[in-house]
Amino acid sequence: MKIRELKKKLNHETEQIVPDVLHKVKKVPINGMLNAETPTQFFRRKLLVLLIVPMIIAFISLIVVVTAFAVRQKPASDAKPNNYIKSFTCLETSNKT
Amino acid sequence: MDKSELDYYMTLLRRGDETAFEIIYEKTKRGLFAFILSYCKNYHTAEDLMQSTYIKLRSSIDSYKPGSNAGAWLFTIAKNLTINEVKKNRREVSSDFSEKENEFGEYNMDENLTSPLLKTMRENLNETELRIVLLYLVSGFKHREIAQMLEKPLGTVLWSYRNAIGKIKKALEAEENEN
């Protein structure tokens with residue numbers, strides 16, 4: 001038997017056994033509640049998503065702020081003696097002139 | 001059904017066109033049912049899963065991206081639902097062995113509802129080979145698409161397909177000789 005014949009036969013035989021579920025599917029209301037969830041379960045799932053998203057955003061913001069603060073602190077503490085030396089040498093040269 | 005044609009009807013369904021759903025259903029039902037049957041061996045479970053797949057298609061049509069492979073998207077929904085059902089059923093089988101014994105493990109198809117060729121294929125091919133042959137010959141996917149859907153290398157899919165065709169031919173020849 002050639003593949004083309006096999007394909008034809010298989011398609012024909014499968015066609016005979018396919019159930020008709022169209023009318024059943026069309027009867028089901030589509031409201032976003034899948035997998036037979038009860039309204040309470042659906043509400044809880046939605047609420048959980050609504051709470052988790054702001055919490056993640058707040059957590060990331062906190063990390064960014066803390067990191068930024070820590071990074072900013074270091075050069076400020078290092079800058080003090082340098083500025084002092086710079087101003088001192090400026091003063092010294094101006095006195096010489 | 002042509003890939004772009006199916007995409008067109010999916011886009012129409014996304015806009016709320018109910019007639020588009022009927023066309024999608026008519027064009028995909030045969031391939032989808034054969035695909036589900038390759039996972040579960042019970043006709044009525046396959047029917048329920050087919051129904052769930054189309055319900056899920058309608059309810060999650062907003063997540064469909066126009067221009068993508070609509071057929072693969074639909075079959076992935078079917079695959080995920082079927083795998084979940086199989087897993088769920090296995091758990092139930094372990095707790096209630098007597099009632100669900102033959103649901104997925106043993107061949108439990110109503111003889112009147114089975115096609116003889118499909119039965120021969122089931123008897124001679126392993127699950128993956130059967131799935132690949134059905135996806136290629138009945139659902140009309142290309143080998144590359146099948147490889148993506150089943151998460152297998154293209155070479156494996158091609159090899160399994162050729163191997164399966166050889167096995168089917170041999171089995172059919174043997175049946176003819178017997179008759």
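What percentage of the 97 residues of chain A count as buried? In this predicted model, local features need pLDDT of at least 70 and side-chain atom pairs count only at pLDDT 80 or more, whereas totals for chains, interfaces and linings use all residues. Residues are numbered from 1 along each chain as its sequence is written, and chains are lettered from A in the order in which they are written.

The share of chain A that counts as buried is 4% (20 or more other C-beta atoms within 10 Å of a residue's own, with C-beta atoms placed from the backbone). Chain A has three helices and zero strands (DSSP runs of H or I, at least four residues, and of E, at least two, numbered from the N terminus), and its pattern along the sequence is α-α-α.

Contact with chain A involves 26 residues of chain B and 22 residues of chain A (C-beta atoms, placed from the backbone, within 7 Å). Elements giving two or more residues to this side of chain B are helix H2 (18–39), helix H3 (43–59), helix H6 (116–124) and helix H9 (154–178). The largest share, eight residues, comes from H3(B).

The largest nonpolar core contains 46 residues (a set of buried Ala, Val, Leu, Ile, Met, Phe, Trp, Tyr and Cys residues joined through C-beta atoms within 7 Å). H2(B) gives the most to this core, with 10 residues. Domain 1 (1–110) and domain 2 (115–179) of chain B both give residues to this core, so the core lies between them; the domain bounds come from an automatic or database domain assignment. Among the residues with the most contacts inside the core is B:Val133. Not counting residues up to four places away in sequence, B:Val133 touches B:Met121, B:Leu125, B:Tyr161 and B:Ala164.

How values were computed:
Contact = placed C-beta atoms within 7 Å. Buried ≥ 20, exposed ≤ 12 C-beta atoms within 10 Å, placed from the backbone.
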